[in-house]
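Try each task before you read its solution.

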Amino acid sequence: MTIKDKAVLVTGANRGIGQALVVDALSRGAKRVYAGARHLFSDLDGRVTPLMLDVTSVSQIQRAVGEVDTLDILINNAGVAIFDDLSNPDVIERHLAVNLLGPLKLTQAFLPLLKRSKGAIVNNLSLAALAALPVIPAYSISKAAAFNMTQSLRALLAGHGVSVHAAFLGPIDTDMNRGFEIPKASPESAARGIFDGLEKGDEDIFPDPASQSIADGWRDGAVKALERQFAGFVPESVVNWG
């Protein structure tokens, strides 16, 4: 998968990693970048099409589908992270609505276009998907669930030629990580790492120094081996998902 001459949709594109992904996609020669955000914003580059897109809104998702002619790459980047202690179910449900069900609904909505182009889906996850960060446990739960969804979609869509990738992000210098006094990678370097991994064909992408520290162990580990084993259980009757 190369980015040049491709149509790319990025959710949460108005700031942070999403904004950096839009810029990096353009620098790699994308022919069209659909920039989804909850509020429309202007962009001087004629190749960018802003979309009003709240990933929890079925009507906005349907409207966005009508505005996209072709799509090669869907990047589910929009997310929410709220400090909590698991005492408020509403906070957990909010995380699941945005970080799990949002990417799933986007994938279902745009799957016909992705199947037509034999395209790719990138779900921006977190190291917290692999081990809970207890100061944001609801976020950790939602990202772990989104990772499990990513693994399932990878197996279910393989027969359609649609590749599904997980980007495990470490600490990135965005508004979401404000207050964490730890070393952070820049959004720009994270965006480059995500697209570099996609172009190399990595199923699991480790785009920053913190995540790269576990990459080799992950790829050769028991969990990855188990994922491959379980993927073999998908019967041919299921390949028409979506």
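Here come the ground rules, then the exercises with their solutions.

This is a predicted model, where local features need pLDDT of at least 70, side-chain atom pairs count only at pLDDT 80 or more, and totals for chains, interfaces and linings use all residues. Residues are numbered from 1 along each chain as its sequence is written, and side-chain values use heavy atoms, with hydrogens and water left out.

**Exercise 1.** Work out how helix 3 and helix 4 pack.

Step 1: pick out the elements, bearing in mind that helices (H or I, at least four residues) and strands (E, at least two) are DSSP runs, numbered from the N terminus. Helix 3 spans 89-117, and helix 4 covers residues 137-157.

Step 2: get the geometry. Axes are lines fitted to C-alpha atoms, for helices over the stretch in contact, and angles run from 0 to 180 degrees between N-to-C directions. For this pair the angle is about 20° and the axes are 8 Å apart, which makes helix 3 roughly parallel to helix 4. Angles under 35 degrees count as roughly parallel, over 145 as roughly antiparallel, 65 to 115 as roughly perpendicular and the rest as oblique.

Step 3: list the contacts (heavy atoms within 4.5 Å). Helix 3 contributes residues including Val91, Leu96 and Leu104, while helix 4 brings, among them, Tyr139, Met149 and Leu153.

**Exercise 2.** At what angle do helix 2 and helix 3 pack?

Step 1: helix 2 takes in residues 58-67, and its axis is 10 Å from that of helix 3, at an angle of about 30°. That makes helix 2 roughly parallel to helix 3.

**Exercise 3.** Is helix 1 parallel or oblique to helix 5?

Step 1: the axes of helix 1 (residues 16-27) and helix 5 come within 8 Å and cross at roughly 60°. That makes helix 1 oblique to helix 5.

Step 2: check who touches whom. Residues of helix 1 including Ile17, Ala20 and Leu21 meet residues of helix 5, among them Ala191, Ile194 and Phe195.

**Exercise 4.** Find the salt bridge partner of Arg154.

Step 1: a salt bridge is a side-chain nitrogen of Lys or Arg within 4 Å of a carboxyl oxygen of Asp or Glu. The structure holds 12 of these.

Step 2: Arg154 pairs with Glu203, the closest N and O atoms being 3.8 Å apart. Arg154 lies in helix 4 and Glu203 in the loop between helix 5 (187-200) and strand 7 (204-205), so the pair ties together parts that are 49 residues apart in sequence.

**Exercise 5.** Which residues does Lys4 contact, leaving aside its neighbours within four places in sequence?

Step 1: locate Lys4 in the segment before strand 1 (7-10).

Step 2: its contacts are Arg28, Gly29 and Ala30.
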